[in-house]
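Subject: Structure handover

Hello,

Here is the structure for your files. Please keep it open while reading the notes below it.

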Amino acid sequence: MKLIIAIVNNDDSAKAAYALTDAGFFMTKLSTTGGFLMVGNTTLLIGAEEDEVTKAMDILKSTCITRKQINPPTASFGVGTTDNCIPKEVTVGGATVFVLSIDSMEKI
Ligand code: 2BA
């Protein structure tokens, strides 16, 4: 059993979630915030059998788009002041995906 943790752009989250559930995956959607841009994103928790991971990854690849995003001035907390006053453009990946091996999953 694997736990797929996928951090996706809010704009792609509904499409990704719909496609995953439509393909038979069970999933939990969390509202999260990126530590760098400090803007909202979505984290999907997907429990999947090992042989289903590639299918989930393919769905994420087809539904989550890489895009440019502006880092709003003073958005990142803990970062120095001067440089942080200038908006910066960064490329945000379609999805940042972690795949973890898990010992067991139970529904009690
Ligand atoms: P954020 O932390 O808001 O980061 C947004 C984008 O800003 C990143 O896109 C990257 O292009 C840039 N960025 C992030 N940290 C940076 C840094 N220390 N220096 C320079 N540029 C930086 P992605 O890499 O595609 O990440 C999108 C979102 O995925 C992130 O939002 C964060 O919520 C999550 N993420 C990415 N890598 C992660 C990791 N290693 N651990 C946990 N979460 C991660």
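Predicted model: local features only at pLDDT ≥ 70, side-chain atom pairs only at ≥ 80, totals over all residues.

Residues are numbered from 1 along each chain as its sequence is written, and side-chain values use heavy atoms, with hydrogens and water left out.

Fold. Along the sequence their order is β-α-β-β-α-β-α-β-β. Of its 108 residues, 30% count as buried (under 20% relative accessible area; exposed is over 50% and partly exposed lies in between, with a 1.4 Å probe and protein chains only).

Ligand site. The residues around the ligand are Ile7, Gly34, Gly35, Phe36, Leu37, Asn41, Val90, Thr91, Val92, Gly93, Thr96 and Phe98 (each has a heavy atom within 4 Å of the ligand). This shell divides into six nonpolar residues, six polar and no charged (Ala, Val, Leu, Ile, Met, Phe, Trp, Tyr, Cys and Pro count as nonpolar, Asp, Glu, Lys and Arg as charged, and the others, Gly among them, as polar). Strands E5 (88-92) and E6 (95-101) each supply at least two residues of the shell, and E5 gives the most, with three.

- Leu37, a backbone N or O atom: 2.8 Å
- Asn41, a polar side-chain atom: 3.0 Å
- Thr91, a polar backbone atom: 2.7 Å

Taken alone, the ligand exposes 740 Å², and the protein buries 52% of that (areas from the Shrake-Rupley method with a 1.4 Å probe).

Two other residues. Thr42 lies in strand E3 (residues 40-48). Thr42 counts as buried because its relative accessible area is 5%. The side chain of Thr42 makes a polar contact of 2.6 Å with the side chain of Asn10 (a pair of N or O atoms within 3.5 Å; within protein, one must be able to donate a hydrogen and the other to accept it, and residues adjacent in sequence count only if both atoms are side-chain atoms).

Met1 is in the segment before strand E1 (2-9). With a relative accessible area of 28%, Met1 is partly exposed. Its C-alpha atom is separated by 6.9 Å from that of Ser104, 103 residues apart along the chain.

Regards

Technical notes. Helix = DSSP H or I, 4+ residues; strand = E, 2+ residues; numbered from the N terminus.
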